[in-house]
Amino acid sequence: MRIGVIGTGHVGLVTSVTLAEVGHAVTGADVDTEKISALNDRRAPFYEPGMEELLHRGIAEKTLVFSPDVKDAIAGMEVVFICVGTPPGAGGEANLIAVERAATDVARAATGRLVVAEKSTVPTGTASKVRRILVRDRPDLESDLEVVANPEFLREGQAIEDARYPTRILVGADSEWALDCMRKLYGPFVERGADLIETDIATAELAKHACNAFLALKISFANALARLSERAGADVTAVADVMGTDPRIGRAFLDAGLGYGGSCFHKDLMAFERLAARLGYEFPLLHEVARINDEAVAAAVEKISEALWNVQGKRVALFGLAFKPRTDDTRFAPALALARRLFDRGAQVVGYDPMASANAKAEVAELDIAPDPYEAASGAHCIVLCTEWDEFRGLDFDRLRGAMASPVVVDGRNFLDEQRVKDAGFSYYPTGRRPLP
Ligand code: UDX
């Protein structure tokens with residue numbers, strides 16, 4: 001099928017390369033001309049395992065092209081995906097200007113029957129607004145232009161695998177022919193075992209927000225339990241393990257630590273809360289989820305203060321700056337929130353990350369960046385494990401201790417082997433449990 005993708009950010013690019021891989025003819029478009037020329041040179045603008053390989057393959061097999069002209073991704077297409085950014089506006093609601101612009105572009109360039117698939121995470125009701133623009137600007141194509149909601153569930157760092165072998169694909173449609181078109185588009189993925197879930201548009205839009213909000217809720221629940229476990233002398237990981245044995249609860253997303261980061265959870269939670277308020281329903285639970293997430297970083301600052309007594313003038317080494325492992329993304333990274341709070345208290349902060357250092361430095365200019373963990377530890381009074389990168393399992397704690405001004409480790413992800421750290425002579429501060437005696 002002929003597919004257009006407007007927006008080549010994380011979602012748009014992953015969508016483009018994986019649809020091209022199954023044989024669709026995909027044209028991706030973006031207003032960022034530099035990004036488009038990099039893509040045509042087969043260079044991805046961000047790190048995502050498996051991305052470059054599919055980019056190479058799609059371009060070589062000519063199933064994938066990129067254009068700076070959005071018309072190329074619309075005219076003559078059967079399905080056009082809107083994958084533009086929906087950043088938070090001043091009040092936390094999603095800013096939909098780019099979605100509106102994409103809808104206007106589609107109306108201007110459409111040449112015939114076309115399904116417009118909304119993939120950006122948007123508030124309920126957006127599809128009908130997109131449709132309103134299409135009908136307003138192209139009354140001649142009124143019965144040929146349909147909108148469907150097709151939210152993504154991609155996790156950064158494994159987005160390519162998630163898109164190639166999805167467990168579920170959600171399509172919200174209010175028209176049978178548009179739904180048929182999406183069934184055909186996703187046929188190869190259903191053959192690979194994906195469930196195609198078909199709903200009305202409003203349900204699909206709401207479900208996407210509900211999924212992200214609920215995952216964030218689980219993490220905040222675990223972090224509230226961590227605060228409580230520290231006070232009660234319990235072990236939050238063990239509490240989560242017990243909870244996880246109940247299949248109604250499930251163990252996933254109950255890991256306490258520095259809290260969630262990334263571009264989705266914060267933004268979607270705020271947008272969901274605003275949407276609820278606009279629809280006349282107060283949903284303070286969502287606000288509380290965000291508050292507990294902030295508290296997780298604040299609790300780490302308190303722990304560091306307890307370990308170092310005075311933070312002012314001390315050097316703190318952050319191990320891991322990305323919002324989670326296997327990505328170079330630092331948007332809303334808890335490590336950077338922690339760095340800012342430590343700067344406020346007069347600390348010097350140095351960070352090491354296997355992949356995200358450049359992005360971290362671009363966000364927090366005062367942050368010192370070290371080329372490896374041992375340089376980061378040099379002269380430091382405390383190490384804080386912020387992101388659970390695999391390479392941190394192999395750290396040589398004797399060497400780290402030798403380089404440091406004082407041997408203190410705060411484990412913001414309960415990731416390190418406490419006994420090994422202690423055997424090297426460190427004071428070890430876990431999250432949500434008391435240190436071993
Ligand atoms: C998320 C959703 O998982 C995905 O379905 C959606 O489409 C986009 O948002 P992503 O932001 O890539 O994906 O990251 P995810 O793996 O969900 O982790 C989010 C954050 O939560 C990370 O900072 C992670 O460290 C944190 N987290 C996760 C916890 O703190 N505890 C947990 O138990 C799980």
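**Entry 1: helix α7**

Which residues of α7 are buried? I went through the helix and listed Ala178, Leu179, Cys181, Met182, Leu185, Tyr186 and Phe189. The model is a predicted one, and I keep that in mind for every entry here.

The spacing in that list made me recall a rule. An α-helix has 3.6 residues a turn, so residues three or four places apart point the same way.

Next I checked the length of α7. The helix runs over residues 176-191, which is 16 residues. At 1.5 Å a residue it should span 22 Å, and its end C-alpha atoms are 21 Å apart, so the two agree.

Where does α7 kink? I found the kink at Leu185, shortly before the proline Pro188. The angle there is about 50°. Leu185 is also one of the buried residues of this helix.

Then I looked at both ends. Ser175 caps the N-terminal end of α7. A side-chain oxygen of Ser175 lies 3.5 Å from the backbone nitrogen of Trp177. After the helix comes Gly193, with a positive phi near 115°.

**Entry 2: helix α1**

I ran the same length check on α1, residues 10-21. Its 12 residues should span 16 Å at 1.5 Å each, and the end C-alpha atoms are 17 Å apart, so this agrees as well.

How many of the residues of α1 are buried? I noted 10 of 12, so I call the helix mostly covered because buried means under 20% relative accessible area. The buried set is His10, Gly12, Leu13, Val14, Thr15, Ser16, Val17, Thr18, Leu19 and Ala20. Gly23 follows α1, and its phi is positive, near 105°.

I looked up two residues other than glycine with a positive phi. Arg42 has phi near 70°. Arg42 sits in the loop between α2 (33-40) and α3 (51-60). Its relative accessible area is 29%, so I wrote it down as partly exposed.

Lys62 has phi near 60°. I placed Lys62 in the loop between α3 and β3 (64-67). Is Lys62 buried or exposed? Its relative accessibility is 70%, so Lys62 counts as exposed.

**Entry 3: Ser357**

I found Ser357 in helix α13, residues 357-363. Ser357 has 14% relative accessibility, so it counts as buried.

**Entry 4: cavities**

Rolling a probe the size of a water molecule over the atoms shows where empty space is left.

How many cavities of 30 Å³ or more does the structure hold? I counted three. I followed up two of them.

The largest cavity has a volume of about 60 Å³. I listed its lining as Arg227, Gly257, Leu258, Ala296, Ala299, Ala300, Lys303, Val410, Asp411, Gly412 and Thr431. Both α11 and β13 (408-411) supply at least two residues each. α11 gives the most, with four. By class I noted five nonpolar, three polar and three charged residues.

The second largest cavity holds about 40 Å³ of space. Its lining is made of Glu118, Ser120, Thr121, Val122, Ala149, Asn150, Pro151, Ala204, Glu205 and Lys208. Which helix gives the largest share of this lining? It is α8 (residues 201-232), with three residues. The lining divides into four nonpolar, three polar and three charged residues.

**Entry 5: the second largest pocket**

Last, I turned to open space. The second largest pocket has a volume of about 220 Å³. I noted 13 lining residues. His266, Asp294, Phe332, Ala333 and Ala337 lie nearest the centre of this pocket.

α11 (284-308) and α12 (334-344) each supply at least two residues of the lining. Which helix gives the most here? For this pocket it is α12, with four residues. I sorted the lining by class and got seven nonpolar, two polar and four charged residues.

One link I marked for myself: α11 contributes to the lining of this pocket, and α11 also contributes to the lining of the largest cavity.

Technical notes: Residues are numbered from 1 along each chain as its sequence is written. This is a predicted model: local features need pLDDT of at least 70, side-chain atom pairs count only at pLDDT 80 or more; totals for chains, interfaces and linings use all residues. Side-chain values use heavy atoms; hydrogens and water are left out. On a 1 Å grid over the protein atoms alone, a cavity is a set of points where a 1.4 Å probe fits but cannot get out, and a pocket is an open set with protein on both sides within 12 Å along at least five of seven lines; lining residues have an atom within 4 Å of a point. Grid points are joined across faces, edges and corners, and a volume is the space filled by probe spheres set on the points. Ala, Val, Leu, Ile, Met, Phe, Trp, Tyr, Cys and Pro count as nonpolar, Asp, Glu, Lys and Arg as charged, and the others, Gly among them, as polar. The expected span of a helix is 1.5 Å times one less than its number of residues. The bend at a residue is the angle between axes fitted to the seven residues ending there and the seven starting there. Buried means under 20% relative accessible area, exposed over 50%, partly exposed in between (1.4 Å probe, protein chains only). A polar contact is a pair of N or O atoms within 3.5 Å; within protein, one must be able to donate a hydrogen and the other to accept it, and residues adjacent in sequence count only if both atoms are side-chain atoms.
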